[in-house]
Amino acid sequence: MKAENASLGGRHSALCVEEAEETVEELRQALARAGIVLPSLRIDPATLAREAPCPLVVLGGCSITVAARLAAALR
């Protein structure tokens with residue numbers, strides 16, 4: 001039973017990572033359509049190193065110009 005739970009946890013973790021990767025790509029494309037590029041946009045690798053990964057997205061730093069464009073796009 002313990003091995004089965006570990007296997008299920010592994011599949012769940014893989015799905016979480018896959019969903020995070022897809023979400024980052026969707027966000028990257030949506031931002032690009034608005035003329036916004038966040039060069040540091042990525043999944044935080046430290047959050048993948050856990051036994052049960054729970055990915056966090058790093059938006060990263062950007063210039064004031066990009067921040068203003070992002071704020072305008074969100075309005």
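This dialogue goes through the main features of a predicted model.

Reader: What should I know about the model before reading local features?
Author: This is a predicted model, where local features need pLDDT of at least 70 and side-chain atom pairs count only at pLDDT 80 or more, while totals for chains, interfaces and linings use all residues. Residues are numbered from 1 along each chain as its sequence is written, and side-chain values use heavy atoms, with hydrogens and water left out.

Reader: How many helices and strands does the protein have?
Author: Start with the rule. Helices (H or I, at least four residues) and strands (E, at least two) are DSSP runs, numbered from the N terminus. Here there are 2 helices and 2 strands. Their order from the N terminus is α-β-β-α. Helix α1 covers residues 2–33, and helix α2 covers residues 64–74. Strand β1 takes residues 42–43; strand β2 takes residues 57–58.

Reader: Is Ile43 buried or exposed?
Author: The scale comes before the case. Buried means under 20% relative accessible area, exposed over 50%, and partly exposed in between (1.4 Å probe, protein chains only). Ile43 has 14% relative accessibility, so it counts as buried. Ile43 lies in strand β1. Its C-alpha is 5.9 Å from that of Leu56, 13 residues apart in sequence. Across the protein, buried residues make up 17% of the 75 residues.

Reader: Which residue pairs with Glu25 in a salt bridge?
Author: The idea is simple. Side chains of opposite charge can pair when their charged atoms come close. The cut-off: a side-chain nitrogen of Lys or Arg within 4 Å of a carboxyl oxygen of Asp or Glu. The whole structure holds 1 salt bridge. Glu25 forms a salt bridge with Arg28, with the closest N and O atoms 3.2 Å apart. Both residues lie in helix α1, 3 residues apart, about one turn of the helix. Glu25 is partly exposed at 33% relative accessible area, and Arg28 is partly exposed at 34%.

Reader: Which residues form the patch of negative charge?
Author: Patches are made of residues with over 30% relative accessible area and no salt bridge; like charges are joined within 9 Å, nonpolar side chains (Val, Leu, Ile, Met, Phe, Trp, Tyr) within 5 Å. Lys and Arg count as positive, Asp and Glu as negative; His and the chain ends are not counted. A charge is placed at NZ of Lys, CZ of Arg, CG of Asp or CD of Glu. Here Glu18, Glu19, Glu21, Glu22 and Glu26 gather in the negative patch on the surface. One of them, Glu21, sits in helix α1. Glu21 is partly exposed, at 46% relative accessible area.

Reader: Which residues form the nonpolar patch?
Author: Accessible areas come from the Shrake-Rupley method with a 1.4 Å probe; for residues, only the protein chains shown count as cover. Leu27, Val57 and Leu59 form this surface patch, with about 220 Å² of accessible area together. Val57 belongs to strand β2, and is partly exposed at 38%.

Reader: How many disulfides are there?
Author: A disulfide is a pair of cysteine sulfur atoms within 2.5 Å. The count comes to 0 disulfides. For Cys16, the nearest cysteine sulfur is that of Cys54, 6.6 Å away.
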